[in-house]
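Subject: Structure handover

Hi,

Here is the structure I promised to pass on. Have a look at it first, and then read my notes below.

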Amino acid sequence: VNFPGHKFALAAFSSIIITWLFAMALIMRAGALQAGASGTMLTVFNPNTPQDKIFAAIVNAGAKPIRETSFGFIWVVSGDEPGLSGRLRNEGAIGNYRNLPLSPTIAGCFAFADAKAAEAFQ
Amino acid sequence: MKLMENTLKQTPWYFTPVVILFTGCLVAIVNFGVRSTFGQFTLPISEAHGWPRETYSLAIALQNLLWGIGTPIAGALADRYGSARVLMLGAVLYAFGIVVMNYAGTPFIFHIGGGIIVGMGIAMSSFGIVMAALGRIVPPEKRSWAFGLATASGSLGQFIFSPLVGALIAAYDWHTSLLVLAASTLLIIPFAAPLLVQNSNTTKAGAGETNLSMSQAITKAFGHGSYKLLVAGFFVCGFQLAFITVHLPPYLAEHGLTKEFAGIAMALIGLFNVVGSYTSGIVGGRGEKRIPLSAIYLLRAVAIAGFVLLPITQTTTLVFTAAMGFLWLSTVPLTMGLITVMFGTRYMATLYGFVFLSHQIGSFLGVWLGGKLYDIYGSYDIVWWMSVALGVFAAIVNLPIVEKRAASFAAA
């Protein structure tokens with residue numbers, strides 16, 4: 001019997017990671033916030049947006065900036081008034097997500113990927 | 001020869017080596033992955049019930065204790081009745097325990113479900129049981145590689161389940177997420193099915209294996225000097241890993257690094273762990289196992305000493321976590337390999353179980369002493385240096401291990 005080797009390991013791990021990315025994409029889509037949502041959220045802007053514009057957009061939307069992630073264009077913000085997610089979108093955010101109990105940088109990676117994918121399919 | 005070829009041709013697809021190895025990897029991913037996500041439920045469950053965090057922490061502490069105590073028991077059952085059946089029973093217990101966690105209304109029920117039942121479920125469906133099955137299925141020259149593959153799969157499980165469950169909790173809620181996790185653990189049942197190929201209903205020794213009874217095997221193993229050295233070395237592994245897992249993030253915070261950065265550093269450990277475990281399996285298959293095992297402990301000691309002596313910056317932290325990640329579970333394939341060399345495959349799950357129990361005692365002490373000594377001295381320094389000293393100790397005790405079949409375990 002021929003037992004598999006490194007190629008098998010590479011193929012097995014690759015297929016598992018692809019399945020995982022697909023599952024993450026589905027869950028992130030489910031976690032994308034509708035326009036009426038409020039509370040603490042991750043808000044994603046386009047990567048080339050200047051910091052001052054991002055900050056102004058957050059304030060104009062009536063949100064309180066909580067912290068910036070390592071990416072700079074993804075922020076954790078908060079606000080109690082209903083419709084915060086929609087207002088952030090109107091101010092230029094490409095997607096808003098519930099605050100994931102993970103490192104915001106790691107959460108931000110997935111949020112950005114989902115926001116760009118959603119933008120591409122619109 | 002003709003008969004063997006015909007037999008192989010008649011082997012169903014789900015008993016082929018590729019399927020067995022792949023599904024074995026999936027069992028390890030689910031078992032390790034689900035377990036690694038419980039920390040994310042601390043806040044939502046404690047807040048939902050109005051419990052102090054101690055309640056949740058006690059359940060997880062009990063879970064770890066039962067995982068340690070349960071592993072030799074699960075190993076003994078796997079050696080007697082076959083790994084697949086034990087993995088399947090473990091999956092049912094794992095899922096049931098998570099469901100009890102979900103619906104528990106009192107701390108007592110929560111501790112029974114999340115602590116005792118889940119702990120036993122983890123032990124019975126752990127990658128140690130998978131490795132024992134693979135050890136019997138794959139030829140000796142591929143055994144170490146297969147151990148590395150199974151360990152790397154467990155590491156990969158930790159890496160992929162954490163963001164998955166974080167996103168699930170955010171997208172839905174903790175109730176739904178726990179139920180999804182319970183359902184995930186039930187996947188272990190179909191994943192374990194191909195391992196039924198090595199199941200046994202007999203107490204007779206296989207070819208090239210010892211004819212000792214299980215109790216005799218355990219007694220003889222504990223009378224074997226090299227086994228005792230292996231047990232002592234693996235204690236250190238548990239101590240170092242548990243201490244770093246629990247106390248590195250607050251240590252980094254003390255040195256001005258953000259919680260967010262700590263999250264990245266911990267993720268780096270997970271990533272390099274996959275590479276390190278797999279590499280260790282390859283290295284173990286090429287020659288003596290005790291030398292690389294000793295080197296891993298020594299390198300850990302060097303990495304920890306360097307980290308504590310150098311200024312704590314983002315760069316030194318990333319280098320340290322990458323190095324520790326590479327050395328994280330890379331001890332496992334070599335340790336399992338040494339057990340197989342010394343005692344054969346007949347009782348490998350049981351004997352690995354006792355070695356793993358020592359690991360869990362080390363884990364308990366690493367976490368507990370880390371907190372206790374911090375409270376007394378206001379610093380983690382003493383525990384970091386204990387980790388260095390223990391690393392040197394483990395490097396030394398692994399060197400004299402005699403890497404050949406123990407006389408009392410000679411083939412029947």
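Before the interface, one term: contact means heavy atoms within 4.5 Å. By that rule, the contact between the chains takes 33 residues from chain A and 36 residues from chain B.

A word on what you are looking at: this is a predicted model, in which local features need pLDDT of at least 70, side-chain atom pairs count only at pLDDT 80 or more, and totals for chains, interfaces and linings use all residues. Residues are numbered from 1 along each chain as its sequence is written, chains are lettered from A and ligands numbered from 1 in the order in which they are written, and side-chain values use heavy atoms, with hydrogens and water left out.

**How confident is the model?**

The scores are ipTM 0.84 and pTM 0.88. Chain B has an average pLDDT (the predictor's confidence in each residue, from 0 to 100) of 91, and 95% of its residues score at least 70. Among the elements of chain B, helix H14 (residues 290-309) has the highest mean pLDDT, 98, while helix H1 (residues 2-10) has the lowest, 52. Helices and strands here are DSSP runs (H or I, at least four residues, for helices; E, at least two, for strands), numbered from the N terminus.

**Where the chains meet**

Chain A and chain B bury about 2800 Å² between them, with 82% of it on carbon and sulfur atoms. That buried area is the accessible area (1.4 Å probe) that two parts lose on being put together, summed over both. There are zero salt bridges between chain A and chain B; a salt bridge is a side-chain nitrogen of Lys or Arg within 4 Å of a carboxyl oxygen of Asp or Glu. Five residue pairs, both residues at pLDDT 80 or more, are in polar contact across this interface. For that term, the rule wants a pair of N or O atoms within 3.5 Å; within protein, one must be able to donate a hydrogen and the other to accept it, and residues adjacent in sequence count only if both atoms are side-chain atoms.

On the side of chain A that touches chain B, helix H1 (6-31) and helix H4 (104-121) of chain A each supply at least two residues. The largest share, 15 residues, comes from H1(A). By class, this side of chain A has 21 nonpolar, ten polar and two charged residues. The classes go like this: Ala, Val, Leu, Ile, Met, Phe, Trp, Tyr, Cys and Pro are nonpolar, Asp, Glu, Lys and Arg are charged, and the others, Gly among them, are polar.

**Salt bridges**

Over all chains, the structure holds four salt bridges. One of them joins A:Arg29 to A:Asp114, with the closest N and O atoms 2.8 Å apart. A:Arg29 lies in helix H1 of chain A and A:Asp114 in helix H4 of chain A, so this pair ties together parts that are 85 residues apart in sequence. A:Asp114 is buried, at a relative accessible area of 7%, and A:Arg29 is partly exposed, at 42%. (Buried means under 20% relative accessible area, exposed over 50%, and partly exposed in between, using a 1.4 Å probe and protein chains only.)

In chain B, B:Arg290 forms a salt bridge with B:Glu288, where the closest N and O atoms are 3.3 Å apart. B:Arg290 also meets B:Glu403 in a salt bridge (3.9 Å, N to O). B:Arg290 lies in helix H14 of chain B and B:Glu403 in the segment after H18 of chain B, so that pair ties together parts that are 113 residues apart in sequence. Through shared partners, B:Glu288, B:Arg290 and B:Glu403 form one network. B:Arg290 counts as buried at 18% relative accessibility, and B:Glu288 as partly exposed at 41%.

- B:Asn398 is in helix H18 (residues 381-398) of chain B and is buried, with a relative accessible area of 0%. Leaving aside neighbours within four places in sequence, its contacts include B:Arg290 and B:Tyr297.
- A:Leu42 lies in strand S1 (residues 39-44) of chain A and is buried at 0% relative accessibility. The C-alpha atoms of A:Leu42 and A:Pro104 are 8.1 Å apart, although 62 residues separate them along the chain.
- A:Ser78 sits in strand S3 (residues 74-79) of chain A and is buried, with a relative accessible area of 18%. Not counting residues up to four places away in sequence, A:Ser78 touches A:Gly39 and A:Leu84, among others.

Cheers
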